[in-house]
Amino acid sequence: MNDNDYSTPPTPGVASPLGTSIASLPSKPSSVEDRRKNWRFGTICATTESKDQYGASSVPIYQTATFKGLNGEYDYTRSGNPTRTALETQLARLYTCSRAFAVSTGMTALDIILRLIQPGDVVLAGTDIYGGTDRLLTFLKTQGGAEVRHLDLDVRDDLEAVLQDVGKRCKMVLVESPTNPLLKIADLRMISSLVHAASPEALVVVDNTMMSPYLQRPLNLGADIVYDSGTKYLSGHHDVMAGIIAVERDEVAKRVAFLINSTGTGLAPQDCFLLLRGLKTLSIRMDRQCATAHLVALYLNTLGFHVNFPGLATHPDRDVHYGQADGAGAVLSFTTGDVGASERIVGGTRLWGISVSFGCVNSLISMPCVMSHASISAEKRAERGLPENLIRLCVGIEDPRDLIDDLEHSLLESGAIYQRFDIDSEPATPTTAEPTRDIYVADPERWIVERAGRFARSGMQGKGHQLAEDEQKSGVGALVDNVKTKLGFSGPEGKEGQTTGAVSTNDSNSASSSSATTADQDILVSAPGKVILFGEHAVVHGVTAIAASINLRCFAHLSRRPDHKLSLDLPDIGLVREWDIDVLPWGSFTAQPTDKEGKAPAELDPASFAAVEKFLTDDGLGSTAHAAALAIIYVYMTIGNKQERRGASYCARSALPIGAGLGSSASYASCISAAFLRLFDRLEVQPTSDGPEADAPYSGHRGIPASQADLINGWAFLAEKVIHGNPSGIDNAVAVKGGALSFSRAMNGKPGGMTGLRGFKSIRFLLTDTKVPRSTKELVAGVASKMQADPADGKRVMTAIQDIADRATGLLTSADLPRKQLISGLSSLIDENHDHLSHLGVSHPALELIRARTGASPHNLSTKLTGAGGGGCAVTLIPDEMPEAQLQDLIQSLLDDGFQPYLTAVGGAGLGVLHSSSRAVDVDAPGAGEHNHIPIRKAFQEVDAARLEVWAEKTGDWVFT
Ligand SMILES: Nc1ncnc2c1ncn2[C@@H]1O[C@H](COP(=O)(O)OP(=O)(O)OP(=O)(O)O)[C@@H](O)[C@H]1O
Ligand SMILES: C[C@@](O)(CCO)CC(=O)[O-]
């Protein structure tokens, strides 16, 4: 290709042999010496002009505000600084213009330019403009007395009509090309000549940030001023903010220089240095970024998405673009047709970071309507044709194969695409990087098109794919039959043991997509852990126990997905899994809800349980993960039943220590229950704001009626059974209902009972985690064998613990008992109860050490094991009068022993459901900031465990049981 031929687009992905520019500079380097005038762009980038007295190869940072002497070139850094001069000289070389200026940010650059406008002047601007530009223009209009008109500048007739209307009052036309985020193209030559003909004084101003001077130099196309956010491609590393103004005409340069000096907005020396350093690699970064962006655009386009990218043959103004620019850039956008799907895609990527801005070496993904363009009102966005589901991709310099892997995973997980089974051949491009190397290196475009060909866009209507054409020709039924035949499927019961991710049938897609359209919002639930004060273990055998919720909670997030997949993300135990729903063992699964309302069955169904156990064992899960996944799948398959196989992504995270006796499994089970009841539309929550305040660490109201709480509790108990074997039900009752309870289970024909206890809340408890792991299931089974071995002794212990629970209930419910007596009464019962538990064999040396520490003088406190024991946690009652300093000493000594103490509040709210989210949630997660809202799912996965509750408060309105 001829270096001066700008009309032919470069072949994306193919850099020139020197790995630098596709184009040379236009022949106008007036300020550059003759022998250098033919240097190409990449060479100029790498060769900074420096007149340093010591010949430093890197421009020194003149970190000084003032300069001594009266006749020197510089006096005050606001007016000029040698590092800034070096940068501005370099920028003028790159923009091939007479003057360039560096200011503090891109918006400062625009602000300086807009100061050239006077009240009554007319400014014309495009419709698809950056939100920040729109904000500043609105300010100019409302506070600066200028008339601002938005129009599609590229429609010649419209522009001519407006120019005719406003005549010489038009003093400025603000153009972006390509626009951000819709990648619309404006014909810069055409606009400049029309504007100058109509109003010779008018300045054509081009925001060139999307291109950088490497790809487009608008001053050579007739523009008067170019500005650029140096924060983007020019710096390339998102470690500096800067704005650039480039001009050719001297009188314009003088006015701009005056304004920068007057407002003191020149770029600071350190930042000038960083920008100079970034510029050195501008061309090679851009080559790589443009080439990868082209591959990504091709990939999405082949999948059938509507992609905005001027490098694609489908772009309506591709020729205009290549007539004025040397490449398509590295920003593209695409639509999915569904805001929920877009959120899932954006939230599901790992390598593509969620962030505003673009142009840096790492790739970014965003939804402009909730991020960079959130400052434009929703009505205006709609008016200007900005789809709310639009996703913007800003491509960096990572290996394109990793970027595609990550994007593909998220597209699949979100349900936006699914794997095709109508093609016989082995994939030419498996997802691991190495085997794809040859084809990728030899022909990246073929590689990407073949790769995209393995998938189809969910719900796509005949857009270039065989699958979609099949759908049109022969209908969904035929297609489904075809797929099933190929997979050896006979019916909805399916064939068990298909490999993970093997099937995606369209009947299921259509069933689940209907659910996705009715409710695609996030399902977020939470439930508290518990402390048992009296009666653990004995409660399994029918004795009364007393327990209260604590202010440490488990949270779960569920998003619906239309692609017939169930995925689990349980970061606390390191489990990530995804299955196609049809590979679950439906054939052997006979368990069903007990009635039409979907009440939970009282017992596990042994055959169904065994089938799921085997399925997970075959999948290679270890014991903790096995139990955690088993609880989810068992509940999912039973609630959903065979007819409803809804896709979902489920993630649970807990602030509780897991397996430590504080009811982590019950709060986890309660979250499973509530989330999956919501998934199958079986759980109603009342969006009430006038009910009583719930006693949660985050605000909310009681809005889940008792009947619904019972429904959740029933399913939570079933999930608890999966994890525990033989739970009494007290833990899940507390997790769902909250507060404090006296509880006995129904047994041997004797009805169970549950009574709320008041007064418990005011008592202070110290919970101390021994960090000694143990299994509740095994400890409960151990006590059962002991009782079987010596029934008389067992009966004696049970009777004694029942007596303790009765006496404790008496103390807690007595209206006029002096506080001191209450505390001392409970203290002795704690000691008594521990002795019985110790006798049952469920204490542990670590628990005894905690008892010794807390019981020693001067503390003299009562402590017992809580929960299943065998390690886990101890609970210590803290009397009201205990001095704070002494308590802190005790806590410190426990920490010194290697234990983890928690001073906890008890008796707070039970299960909560987020009923209306702000959808876009500001969180203190990485990347959050102005206009930078993180999808709930992503934020939930990223927020620090200790901050889960604070974060939950910000997600929206909660209702509790
Ligand atoms: N956040 C979580 N993520 C995944 N699995 C969890 C989570 N919380 C609890 N579990 C499941 O619950 C099990 C722990 O239950 P276990 O009954 O042993 O402890 P606990 O409930 O904390 O104690 P206790 O029953 O004595 O109160 C884990 O092994 C895991 O299977
Ligand atoms: C040990 C036990 O009593 C309490 C576990 O927190 C078991 C149960 O009641 O399910």
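Helix H23 (730-737) and helix H24 (776-789) each supply at least two residues of the shell around ligand 2. That shell has 15 residues, and those that come nearest are Glu536, Pro727, Ser728, Gly867 and Ala868. The model is predicted. Its protein has 961 residues, of which 53% count as buried, and its secondary structure comes to 30 helices and 30 strands.

**Ligand surroundings**

- By class, the residues around ligand 2 are seven nonpolar, six polar and two charged.
- Around ligand 1 there are 27 residues, with Ser654, Ser664, Ser665, Thr776 and Gly867 the closest.
- Two or more residues of the ligand 1 shell come from each of helix H20 (623-640), strand S19 (647-654), helix H21 (664-679) and helix H22 (706-724).
- H21 gives the largest share of the shell around ligand 1, namely four residues.
- The ligand 1 shell divides into 13 nonpolar, 12 polar and two charged residues.

**Seven-stranded sheet**

- An open sheet of seven strands runs in the order S1-S7-S6-S5-S4-S2-S3, with mixed pairing.
- The edges are held by strand S1 (99-103) and strand S3 (147-150); each has a single partner strand, so one side of each lacks a neighbour in the sheet.
- From one strand to the next, the twist of this sheet averages 20 degrees.
- Within the sheet, strand S5 (residues 203-207) pairs with strand S6 (residues 225-229) in the parallel sense, over three bridges.
- Val205 has Ile225 in S6 as its bridge partner.
- Helix H2 (residues 82-95) lies across S1, S6 and strand S7 (243-247), and runs at about 130 degrees to S1.
- Helix H3 (residues 106-114) also packs on the sheet, where it touches S1, S5, S6 and S7. The direction of H3 makes about 40 degrees with that of S7.

**Five-stranded sheet**

- A second open sheet has five strands in the order S8-S9-S12-S11-S10, and its pairing is mixed.
- Strand S8 (306-308) and strand S10 (353-354) are the edge strands; with a single partner strand each, they have one side left without a neighbour in the sheet.
- S8 and strand S9 (residues 331-335) run antiparallel and are joined by three bridges.
- Opposite Asn308 stands Ser333 in S9.
- Helix H10 (residues 282-303) lies across S8, S9 and strand S12 (391-394), at about 10 degrees to S9.
- Helix H12 (residues 339-348) lies across S10, strand S11 (364-366) and S12, at about 25 degrees to S12.

- Strand S15 (residues 523-534) has 12 of its 12 residues buried, so S15 is largely enclosed by the rest of the structure.
- S15 runs antiparallel to strand S16 (residues 545-561), and 10 bridges join the two.
- Phe534 has Ile546 in S16 as its bridge partner.
- Gly574 sits in the loop between strand S17 (565-570) and strand S18 (575-580).
- Gly574 counts as exposed because it has 9 C-beta neighbours inside 10 Å, and the cut-off for exposed is 12 or fewer.
- Gly574 and Ala625 are 51 residues apart along the chain, and their C-alpha atoms are separated by 8.0 Å.

**Helix lengths and the residues that follow**

- Helix H8 (residues 250-263) has 14 residues, which at 1.5 Å a residue should span 20 Å; the end C-alpha atoms are 20 Å apart, so the two values agree.
- Helix H28 (residues 884-896) has 13 residues and reaches 18 Å from its first C-alpha to its last, close to the 18 Å expected at 1.5 Å a residue.
- Gly898 follows H28 and has a positive phi, near 95 degrees.

**Contacts along the chain**

- Of the contacts in the protein between residues at least 6 apart in sequence, 74% join residues at least 24 apart.

Key
Residues are numbered from 1 along each chain as its sequence is written. Chains are lettered from A and ligands numbered from 1 in the order in which they are written. This is a predicted model: local features need pLDDT of at least 70, side-chain atom pairs count only at pLDDT 80 or more; totals for chains, interfaces and linings use all residues. A residue is near a molecule or strand if its C-beta atom, placed from the backbone, lies within 6 Å of it. Ala, Val, Leu, Ile, Met, Phe, Trp, Tyr, Cys and Pro count as nonpolar, Asp, Glu, Lys and Arg as charged, and the others, Gly among them, as polar. Two strands pair if DSSP finds at least two bridges between them. Two residues are in contact if their C-beta atoms, placed from the backbone, lie within 7 Å. Axes are lines fitted to C-alpha atoms, for helices over the stretch in contact, and angles run from 0 to 180 degrees between N-to-C directions. A residue is buried if 20 or more other C-beta atoms lie within 10 Å of its own, exposed if 12 or fewer, and partly exposed in between; C-beta atoms are placed from the backbone. The expected span of a helix is 1.5 Å times one less than its number of residues.
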